[in-house]
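Please keep the sequence and the structure in view while I speak.

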Number of protein chains: 2
Amino acid sequence: MAHTISRRQLIAASGAGAGLLAAGAVGALAVEARSETAGTASPGPHDAVPFYGEHQAGIVTPAQDRLHFVAFDVITDDRAKLVEMLRDWTLAAARMTAGLDAGALGAVGGPAQAPPQDTGEALGLPPSQLTLTFGVGGSLFRDAKGRDRFGIAARRPAALEDLPHFPGDALRPEISGGDLCVQACAQDPQVAVHAVRNLARIGMGVVSVRYSQLGFGRTSSTSTAQATPRNLMGFKDGTANLKAEETDQVRDHLWAAAADGSDWMAGGTYLVTRKIRMTIETWDRTSLAEQEAIFGRDKGEGAPLSGGKEFDEPDFAKVGDDGEPLIADVAHVRLAHPTSNGGARLLRRGYNFVDGSDGLGRLDAGLFFMSYQRDPHKQFVPVQRNLARHDILNEYIRHVSSGLFAIPPGVRDAADYWGAGLFG
Amino acid sequence: MAHTISRRQLIAASGAGAGLLAAGAVGALAVEARSETAGTASPGPHDAVPFYGEHQAGIVTPAQDRLHFVAFDVITDDRAKLVEMLRDWTLAAARMTAGLDAGALGAVGGPAQAPPQDTGEALGLPPSQLTLTFGVGGSLFRDAKGRDRFGIAARRPAALEDLPHFPGDALRPEISGGDLCVQACAQDPQVAVHAVRNLARIGMGVVSVRYSQLGFGRTSSTSTAQATPRNLMGFKDGTANLKAEETDQVRDHLWAAAADGSDWMAGGTYLVTRKIRMTIETWDRTSLAEQEAIFGRDKGEGAPLSGGKEFDEPDFAKVGDDGEPLIADVAHVRLAHPTSNGGARLLRRGYNFVDGSDGLGRLDAGLFFMSYQRDPHKQFVPVQRNLARHDILNEYIRHVSSGLFAIPPGVRDAADYWGAGLFG
């Protein structure tokens, strides 16, 4: 019961304390809520995922079904204001991920005469595994005009260098980049949307929404306990994903260390986002044999075309009766495989999207790709370069946005805050 | 177990039959799947909702949590082709709502050399309460050029007359109207998206997607067993909604009868859609007292400001200490109430939406309003006229799209099809 306690039940409990959000007095509440689930390895769909810890939640924690990703521009040059907002955000995030409201419905000293400190649309809903994962873009260190607005340019990690241009990129700048990002994942989209909306509300005057993206139907598993989901091309996606249970691989391929060159990023990681529009109407007119050849896997079960079952390793050397490889040289599964990319592995955590239709009679649909890795330039970049040059799938997809963010380590306790290592 | 049988399990069972979709041979499968749940008043989240019946599902059946609404333009003038597509659609809809694929992954006579008859992204997912509700717009009877393309102009119901212009309307024609519509609702967005996408695929060359809209967090209950959800203004919405259990009211206010003037619409109803953009950033800066005065209800519990609890009738005559009505003359709850609109009631079935952001630093969010009623001109129109003229809420909302569709009665069996009464 404690795990599914609802916001509505907690309104009374939080009471006056909620009005003191800005003063940081409510951290204890969030910690308390956290301790309820700290021992739960696999939370139920309504439960809370612990907010505090060595790493941020929403990376190796089990991928939820729904996404609301948002990128912000910082619209002030005032470092103190930015830091104050980050403190406020962190407290609100701790509360919301624990299933509490962001603040009281009324405000301190005159409940009804001030705007509510929570927008209300998640009242009565359980925590729903909400995770909020915070990141910092390269433009925060030095903006488009070359200005070091916040005195942090010297602290920019090498791994956060801009991504190169890839062949075929059709990036739209207005939905790319961003000074800050928050990945909100939950089992209920209303809970994810509520969280992003309240962070935007708290950040009024300091940040402005640059773009935001809803997603559904996670397209990768982050745990061996999760079934492999399907992308909108109808194929299982992320079978070979880096998974939480591979602890050595996670240590080596996912988490940044102080030795990588940036102290403040130890225990953090780097996020690459790519919005990939699919021309699904063209895809839907392609034969099953061609679709399977392009992926290098069978569509029904997801087994490699070299034989076996879904989780069997593809045999890239195996040839058919005609002497040709069963998995073509340009098949997606071959090009994306670690053996084709110097051993590079990614923790993928993308989502399907449908943004209505495009005015040309087609659904505006595809994949919002997200991958976490220790160094994008050694992991995402070689893989994507390989895919961009050779993958036949490129006939059916177009990369329309791109983002790269440093994801700091986890928030340790109620006195800590998002970005403390960078600004502290 | 039978209720949660997955598409993957059914691939083998459907086998060759699935390849014969166009020949109508698979209706029996869907009927069989239906009979599994026919006796279930309240299906579980993974179960199937019966497709065949006196009325279409997706109206008084319990509102699911996710929406994919789509409007189509008919791009052929060939009546026979249109009717053939409607037959194919109906069979695919019967299959998909039963948790089956739309057709086989391979095709008849050469499985791998033809495009799949199902796009695959819902393989392995349960029925998830999918309902597909079909409708016909006024432009199908006479198009923008005044042409009666399909010889049905004389059968246009009076209730399908175009809606009038309302004060404040900011309608965008490209996301309004439509010759045909399908409302796909499910507990899983991937299942709803899959259904719409496969109908679009089957209709290639006959229809083109005019616009489509995803929604989440149903904003109305259609049954007394459902809790009242909240809209993105944070208020409970649809407390006084027409509900399935009010059988006399449903008969009088929802279902069309032959006596209404159109035989083919007996047992059907009419759907009004309005996409309502909310300026949530402005709303979020409004005090709690003002927000509650605008709605005429308290935000936390949803009780009328005249006192009592959520489901207590508002007392519009009750005044406060200052002699003013506790529920203002221009409060939303008063203006929308049947007593202010000649007794008109609506069955509302809308959803919240967030379509990313608008490029001006704001979330593009609001309500995709849908209401079903026997005669929109006697029900939706007077209510909306009243709201458009007086509702203070108009400062925070803008109607950007509008649709009106005739929703025919239910499909009786596998020989029947969507629109048979109109074209048969």
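Directly after helix α3(A) comes Gly99(A), whose phi is positive, near 90°. Helices and strands here are DSSP runs numbered from the N terminus, where a helix (H or I) needs at least four residues and a strand (E) at least two. What we are viewing is a predicted model, in which local features need pLDDT of at least 70, side-chain atom pairs count only at pLDDT 80 or more, and totals for chains, interfaces and linings use all residues. Residues are numbered from 1 along each chain as its sequence is written, chains are lettered from A and ligands numbered from 1 in the order in which they are written, and side-chain values use heavy atoms, with hydrogens and water left out.

Let us stay with helix α3(A). Its 19 residues should span 27 Å at 1.5 Å a residue, and the end C-alpha atoms are 27 Å apart, which agrees. The expected span is 1.5 Å times one less than the number of residues. Of the 19 residues in α3(A), 14 are buried, and the helix is mostly covered. Buried means under 20% relative accessible area, exposed means over 50%, and partly exposed lies in between, with a 1.4 Å probe and protein chains only.

Thr90(A) belongs to this helix, which runs over residues 79–97 of chain A. Is Thr90(A) buried or exposed? Its relative accessibility is 3%, so Thr90(A) counts as buried. Setting aside residues up to four places away in sequence, Thr90(A) touches Phe51(A), Val411(A), Asp416(A), Tyr417(A) and Trp418(A). Contact means heavy atoms within 4.5 Å.

Next, consider helix α4 of chain A. With 14 residues (189–202), α4(A) reaches 20 Å from its first C-alpha to its last, close to the 20 Å expected at 1.5 Å a residue. Why is α4(A) described as largely enclosed by the rest of the structure? The reason is that 14 of its 14 residues are buried. Asp188(A) caps the N-terminal end of α4(A), placing a side-chain oxygen 2.8 Å from the backbone nitrogen of Gln190(A).

I turn to the chain as a whole. Chain A contains 10 helices and nine strands. Of its 424 residues, 61% are buried. Among contacts in chain A between residues at least 6 apart in sequence, 76% join residues at least 24 apart. The chain exposes about 15100 Å², of which carbon and sulfur atoms supply 53%. These areas come from the Shrake-Rupley method with a 1.4 Å probe.

In soluble globular proteins, nonpolar side chains tend to be buried together. Here, the largest nonpolar core has 156 residues, and those with the most contacts inside it are Trp89(A), Leu180(A), Trp89(B) and Leu180(B). A nonpolar core is a set of buried Ala, Val, Leu, Ile, Met, Phe, Trp, Tyr and Cys residues joined through side-chain atoms within 4.5 Å. Beyond residues up to four places away in sequence, Trp89(B) touches several residues, including Phe72(B), Phe134(B), Leu180(B) and Trp418(B).

Ser128(B), in the loop between α3 (79–97) and β2 (131–137) of chain B, has a phi near 55°, a positive value in a residue other than glycine. Gln129(B) is placed in the loop between α3 and β2 of chain B, and its phi is near 60°, again positive in a residue other than glycine. Ser128(B) counts as buried at 3% relative accessibility, and Gln129(B) counts as buried at 5%.

Ile280(B) is in helix α6 (residues 280–283) of chain B and is buried, with a relative accessible area of 2%. Not counting residues up to four places away in sequence, Ile280(B) touches Arg197(A), Leu232(B), Leu363(B) and Ala365(B).

The same surface serves both copies, as 100% of the contact residues of chain A recur in chain B.

Terms used: A polar contact is a pair of N or O atoms within 3.5 Å; within protein, one must be able to donate a hydrogen and the other to accept it, and residues adjacent in sequence count only if both atoms are side-chain atoms.
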